[in-house]
Amino acid sequence: MSNKIYLSEKPGRTVRVDGGEYLFFSGYNYLGINCDPEFFGLLQEGLHRYGWLFPSSRISNTRLNLYRECEAVLSEITGTEDTVLLPSGFSAGRVATSLYEERLFNAPGSHPAIMRTRPVQNGFEEWCTWLRDELNLGGKSMSAIAADSLNPLTATIHDFGFLSECSRDIAVIIDDSHGIGVTGTSGRGVSSVVPRASNINYLFTYSLSKAFGIAGGAVSCGKQPAALLRTFPEYAAVTPQSPAQLHAFLHGQHIYSRQRQRLLANIQAFTELIQGLPGIHYSDDFPVFVLDDLYTEQQFLKDGILISSFAYPDPAGKKLNRIVINALHTADDLGQLAGCLKKAAASKPHQTSLI
């Protein structure tokens, strides 16, 4: 099989490639929504009611209630006053950070969607230590900070507890694209665990395509920044998301809850299967397992397993090998995957992780 694997059908727990069937442990279809028959039925309902496209502007005199209804649900999920739907998670991050421009300070490793300034710190923990002093001593003209809720490349969930020590007014932009719908209390993502205070103005930006399985993005925030975002061309001058998908989102909240429970059960079962194995980095309740050089993509392919294996963010850099579990995987799937890892670990002495 070549280095680049082209699929001719949607992946789920398995996928067919070149006539063969492989267990699929890649992508970011965390809840398996693209293969859920009940969700597909809701999509069909939405198609019949709204069509697959709403060819109009959100600021037109003729509008669909559906968009505001979905924004209200997302505001409830994130515990915010308002939410603005946007074409993608990337555009959501760009417009949210554009409110602050050069007065914003990014955490190291921030996604390009929210990256505005290049941090000098070497990692998230060092950045947090620096911020504790800056936020309280007021040494810099700082009005906003921006960071990712977690790093899916290292399977590290970030701790924002340091914000409880902040005594000045600050806007905090957090890209929760890989967390919302999966992590936090009842899948509410980072919004359910960050410290809340009157001096902290949160703007949560995220993609809807990962856990929620639909196209688009959103910014959940206070009423004032939301009103300003609705004046931007990224909101007013674009075709909005497919109403059929938003219909499925709106009426499929119980599906997300069910699939999240299945995913969490799979994560727990898999972590028990790999206890004691070297060279695997992961965080509780997050379905990504990062592998060091002890494991190679070819070892998995020989056992009929596809993992995530590509160089990022530099396409010419070193490959990053990861296992991504989803809610569709069965106990047998996880057992086969764990067996492959055990066989690889037993075949050579443990090497120091480069993660």
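Where does Ser56 lie? Ser56 sits in the loop between α1 and α2, and we come back to that loop in one of the views below. Keep in mind while you look around that this is a predicted model.

**View 1**
Strand β8 covers residues 170–175, and six of its six residues are buried, so the strand is largely enclosed by the rest of the structure.

**View 1. The partners of β8.**
Strand β5 (residues 144–148) pairs with β8 in the parallel sense, over five bridges. Look for Asp148 here: its bridge partner in β8 is Asp175. Strand β9 (residues 200–207) also pairs with β8 in the parallel sense, this time over six bridges. In that pairing, Val172 stands opposite Tyr202 of β9.

**View 2. Aromatic rings, two by two.**
The structure holds 14 aromatic pairs. One of them joins Tyr202 and Phe204: the ring centres are 5.3 Å apart and the planes are at 10°, so this pair is stacked. Tyr202 is buried, with a relative accessible area of 5%, and Phe204 is buried too, at 1%. Phe270 and Phe289 form an edge-to-face pair, with 4.9 Å from centre to centre and 90° between the planes. This pair links distant parts of the chain, as Phe270 belongs to helix α8 and Phe289 to strand β12 (residues 288–291), 19 residues apart. Both Phe270 and Phe289 are buried.

Helix α7 runs over residues 243–251 and is mostly covered, with seven of its nine residues buried. The buried ones are Pro243, Ala244, Leu246, His247, Ala248, Phe249 and Leu250. What covers them includes α1, α2, β3 (82–86) and α8 (253–273). Phe249 is also part of one aromatic cluster, together with Phe39, Phe212 and Tyr256.

**View 3. Helix α3, another covered helix.**
Which residues of α3 are buried? They are Gly89, Ser91, Ala92, Gly93, Val95, Ala96, Thr97 and Ser98.

**View 4. The loop between α1 and α2.**
Back to Ser56, which lies in this loop. Is Ser56 buried or exposed? At 18% relative accessibility, Ser56 counts as buried. Leaving aside residues up to four places away in sequence, Ser56 touches Thr62, Val238, Thr239 and Pro240. Trp52 lies in the loop between α1 (37–50) and α2 (65–78) as well, but Trp52 counts as exposed, at 68% relative accessibility.

**View 5. Asp333 and Arg13, a salt bridge across the chain.**
A search of the whole structure finds twelve salt bridges. In one of them, Asp333 meets Arg13, with the closest N and O atoms 2.6 Å apart. The two come from distant parts of the chain: Asp333 is in helix α10 (residues 331–347) and Arg13 in the segment before β1 (14–17), 320 residues apart. Asp333 is buried, with a relative accessible area of 3%, whereas Arg13 is partly exposed at 31%.

The side chains of Arg230 and Asp82 meet in a salt bridge, 2.8 Å from N to O. Arg230 lies in the loop between α5 (223–229) and α6 (233–236) and Asp82 in strand β3, so the pair ties together parts that are 148 residues apart in sequence. Arg230 counts as buried at 18% relative accessibility, and so does Asp82 at 10%. Both belong to a network of salt bridges that also links Arg58, Arg68 and Glu71.

How values were computed: Residues numbered from 1 in each chain as written. Predicted model: local features only at pLDDT ≥ 70, side-chain atom pairs only at ≥ 80, totals over all residues. Heavy atoms only, no water. Buried < 20%, exposed > 50% of the residue type's maximum accessible area, 1.4 Å probe, protein only. Helix = DSSP H or I, 4+ residues; strand = E, 2+ residues; numbered from the N terminus. Pairing = 2+ DSSP bridges. Contact = heavy atoms within 4.5 Å. Phe/Tyr/Trp six-rings, centres within 6.5 Å; stacked < 30°, edge-to-face > 60°. Salt bridge = Lys/Arg side-chain N within 4 Å of Asp/Glu carboxyl O.
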